[in-house]
Amino acid sequence: MVLRMRRMPPLPKGRGQGWRGMALALVFCAVIYGFWKNTESQMELIGQRGAVRDETGMLAKDQLDNLREMAAALKNSYGVKTLIVISKGEIEWPKGEETPLELFIAVAPERSEAVMHFSPLLRRGLDEDFCYELQHGVLNKLVSEGQIFRALTQSLTKLWQRLGAIS
C-alpha cells in the first residue's frame, strides 16, 4: 500500500504574499529593537562598573553595587558624572578631560586620607561652604574613623539632597 501525498494547491497570486512579507519585516524589526535595548543596558552596566573602583577589596559586592546605583542615579537625574576610587596606596587623579558636572571622590584607607574634587561649575552651583562641609565634615571625618562605606554613602546622599533642593 503506497501512501500518496496530496499537494497543496498554490496560493492564488496576490493573496498572502504581502502578509508574509510584512510579518517577516515585523520580526526583523523586533529582533533589531531587542538587540539595541540589550546593548544599551550592557553599556550602562559597563559605565556603572567604571564609576566605582575598589583596589583594596574592603567593600562587599552589595556595597559596591549600592555605590554604583547611587552614582548612576546622580548621572541620570542631575547629569553629575561621579568617579569613586578606594586606593591601596597614593591617591591618583584621573587622567583625561574634566566634564562640566563631575565629582571625583578618592579614599586611601591605609593613610586615612580622603579627597573630594568638584568640577568648577558644580562647585559654584553647590556653594563653597557646602562643598567644604561635605568633604571635611562628612567624608574625612568618617574615613578617619574607618567607616569607608558609610562615608561614601552619606556624602552621596547629602549631595543628592542638595541637588534636589537646588533644582
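Predicted model: local features only at pLDDT ≥ 70, side-chain atom pairs only at ≥ 80, totals over all residues.
Trainee: Okay, so why are helix 4 and helix 5 called roughly antiparallel?

Mentor: Helix 4 (residues 128–144) and helix 5 (residues 148–166) pack at about 160°. The cut-off is over 145 degrees, and therefore the two helices are roughly antiparallel to each other. Their axes lie 8 Å apart, and helix 4 passes helix 5 in a right-handed crossing.

Trainee: Which residues of helix 4 and helix 5 make the contact?

Mentor: From helix 4, you have Phe130, Leu134, Val138, Leu139, Leu142 and Val143. Helix 5 brings several, including Ile148, Ala151, Leu152, Gln154, Lys158 and Arg162. Sorted by kind, the residues of this contact are 10 nonpolar, two polar and three charged.

Trainee: Now lysine 75. What makes lysine 75 count as partly exposed?

Mentor: Buried means under 20% relative accessible area and exposed means over 50%. Lysine 75 has 45% relative accessibility, so it counts as partly exposed. You'll find lysine 75 in helix 2 (residues 61–78).

Trainee: What is lysine 75 in contact with, leaving aside neighbours within four places in sequence?

Mentor: That would be Val80 and Lys81. As for glutamate 102, 27 residues apart from lysine 75 along the chain, the two C-alpha atoms are separated by 9.4 Å.

Trainee: Which elements have the lowest and the highest mean pLDDT?

Mentor: Helix 1 (residues 17–51) has the lowest, at 75, and helix 5 the highest, at 91. For the chain, the mean pLDDT is 82, with 83% of residues reaching 70 or more.

How values were computed. Residues numbered from 1 in each chain as written. Heavy atoms only, no water. Axes fitted to C-alpha atoms, helices over the stretch in contact; angles between N-to-C directions. Helix = DSSP H or I, 4+ residues; strand = E, 2+ residues; numbered from the N terminus. Parallel < 35°, antiparallel > 145°, perpendicular 65-115°, else oblique. Left-handed = near helix turned anticlockwise from the far one by under 90°. Contact = heavy atoms within 4.5 Å. Nonpolar A, V, L, I, M, F, W, Y, C, P; charged D, E, K, R; others polar. Buried < 20%, exposed > 50% of the residue type's maximum accessible area, 1.4 Å probe, protein only. pLDDT = per-residue confidence, 0-100.
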